[in-house]
Amino acid sequence: MTEICIEDRFLFDLQGFIVLRGVLSQEECGELLTALRPLEAQDHPDEWMQSLEPGPPGRPTRETQIPHQTRLNGLPRLSAAFDRLIDHPRILPYLQAFVGEPQLINTWSISKEQDTAAGGWHRGVPTTDFSYKDGEIRSRMFNIVYFLTDNGPEDGCVVGIPGSHKSSFDLAWRNYKGLDMPGATSVTGKAGDVLLFSEAMIHDGLPKTTTGTRSNLYFNYVHAHYNVMMREPRNAHHFYFPAAIRARFSDQQRALTRWMELTRWDH
Ligand SMILES: O=C(O)CCC(=O)C(=O)O
């Protein structure tokens, strides 16, 4: 296993996030954008929703309810072009060091055009899901954000509160918009950079005031002991990949999605 340098361990433990520069080449960003754009433009029938038990709707594959923003859920179901990010060689050592036994739970893209508003401050798991013991950092849910385009301060970049993965106090997160949140710190970078963060850290997306499109891909992992199917059962369609999709994966990608072999899910 590749050792993570002490500076990165120090910073991730301290802040709850780190940014790795130049993980993807400009050519790779271009290839991923070429795969993403037609998927964002097309309709997705989401026939699986008809087989859900009566209750609230699941999330569609393409979400456009936020003006000027397009989100796609369940990327490897949509194209094999995204498979390589499941076990990216620069990222895998961080997954092993900071999660322990990583399993991919969720994948999505977010593209923002000019005038996309700020999102809403949130965290994916409580602060008890981040720990340090016997020399090991353990982040029970860990998000990897691939910047396919530049994420400048006005481009709708991700924003976080450094250290909030360990915060003892909660604020009424939804009462604060974007940079009005105490401690809010923009996470900027160039196309090809990657943000890694504990989902215990409070985070949000800033408004996009610039022209052009900002596109990021999100690959979210949990520790193997996390019960993936209990998190959002009505969205398990996007979490789970059928055997036919996993058949094209490498051994390593199959190992990172092994929970899917142990799950009964037909939709
Ligand atoms: O890129 C953004 O706008 C923030 C995304 C975010 O907070 C999320 O997907 O949980």
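**Helix ends, strands and charges**

Tutor: Ala 41 counts as exposed, at 64% relative accessibility. Bear in mind that this is a predicted model.

Student: What is the place of Ala 41?
Tutor: Ala 41 is exposed, with a relative accessibility of 64%. Its place is in helix α2.

Student: How far apart in space are Ala 41 and Asn 235, C-alpha to C-alpha?
Tutor: In sequence, 194 residues separate Ala 41 from Asn 235. In space, C-alpha to C-alpha, the separation is 22 Å.

Student: Where does Asp 46 lie?
Tutor: Look between helix α2 (26-41) and strand β2 (62-63). Asp 46 touches Pro 60 and Thr 61, leaving aside residues up to four places away in sequence. Asp 46 lies in the loop between α2 and β2.

Student: Which side chain of opposite charge is nearest to Asp 46?
Tutor: Asp 46 is buried yet has no salt bridge. A salt bridge needs a nitrogen within 4 Å of a carboxyl oxygen. The nearest side chain of opposite charge is 8.1 Å away, and it belongs to Arg 62.

Student: With which side chain does Asp 46 make a polar contact?
Tutor: Asp 46 touches both Pro 60 and Thr 61. The polar contact spans 2.6 Å, side chain to side chain, and the partner is Thr 61.

Student: Is Ser 198 buried or exposed?
Tutor: Ser 198 is found in strand β10, residues 194-198. Not counting residues up to four places away in sequence, it touches Phe 12, Gly 16, Phe 130, Ser 139, Met 141, Phe 142 and His 165. Its relative accessible area is 0%, so Ser 198 is buried.

Student: Which side chain does a polar contact join to that of Ser 198?
Tutor: Ser 139 and His 165 are among the residues that Ser 198 touches. The polar contact is 3.3 Å, and the side chain at its other end is that of Ser 139.

Student: How many residues of strand β12 are buried?
Tutor: Strand β12 covers residues 214-223. Arg 214, Asn 216, Tyr 218, Asn 220 and Val 222 point one way, and all are buried. Ser 215, Leu 217, Phe 219, Tyr 221 and His 223 point the other way, and all are buried. β12 is largely enclosed by the rest of the structure because its buried residues number ten of the ten.

Student: How many bridges join β4 to β12?
Tutor: The two strands run antiparallel. Leu 104 has Tyr 221 as its bridge partner in β12. Between β4 (residues 102-112) and β12, the number of bridges is ten.

Student: In the open sheet of three strands, what is the order?
Tutor: The pairing is antiparallel, and the order is β9-β8-β11. β9 (185-187) and β11 (203-205) each have a single partner strand, so one side of each lacks a neighbour in the sheet. From one strand to the next, the twist averages 30 degrees. The order, again, is β9-β8-β11.

Student: What is the bridge partner of Val 158 in β11?
Tutor: Strand β8, residues 158-160, runs antiparallel to β11. Three bridges join them. The partner of Val 158 is Gly 205.

Student: How many salt bridges does a search of the whole structure find?
Tutor: Side chains of opposite charge can pair when their charged atoms come close. The search of the whole structure finds 18.

Student: How many residues apart are Arg 246 and Glu 261?
Tutor: Arg 246 counts as buried at 7% relative accessibility. Glu 261 is partly exposed, at 45%. Arg 246 sits in helix α7 (residues 243-246) and Glu 261 in the segment after α8 (251-255), a sequence separation of 15 residues.

Student: In which helix do Arg 254 and Asp 251 both lie?
Tutor: They form a salt bridge, with the closest N and O atoms 3.0 Å apart. Arg 254 is partly exposed at 26%, while Asp 251 is exposed at 62%. They are three residues apart, about one turn, and both lie in helix α8.

Key. Residues numbered from 1 in each chain as written. Predicted model: local features only at pLDDT ≥ 70, side-chain atom pairs only at ≥ 80, totals over all residues. Heavy atoms only, no water. Helix = DSSP H or I, 4+ residues; strand = E, 2+ residues; numbered from the N terminus. Buried < 20%, exposed > 50% of the residue type's maximum accessible area, 1.4 Å probe, protein only. Lys, Arg positive; Asp, Glu negative; His and termini not counted. Polar contact = N/O pair within 3.5 Å; in protein donor to acceptor, adjacent residues only side chain to side chain. Contact = heavy atoms within 4.5 Å. Pairing = 2+ DSSP bridges. Axes fitted to C-alpha atoms, helices over the stretch in contact; angles between N-to-C directions.
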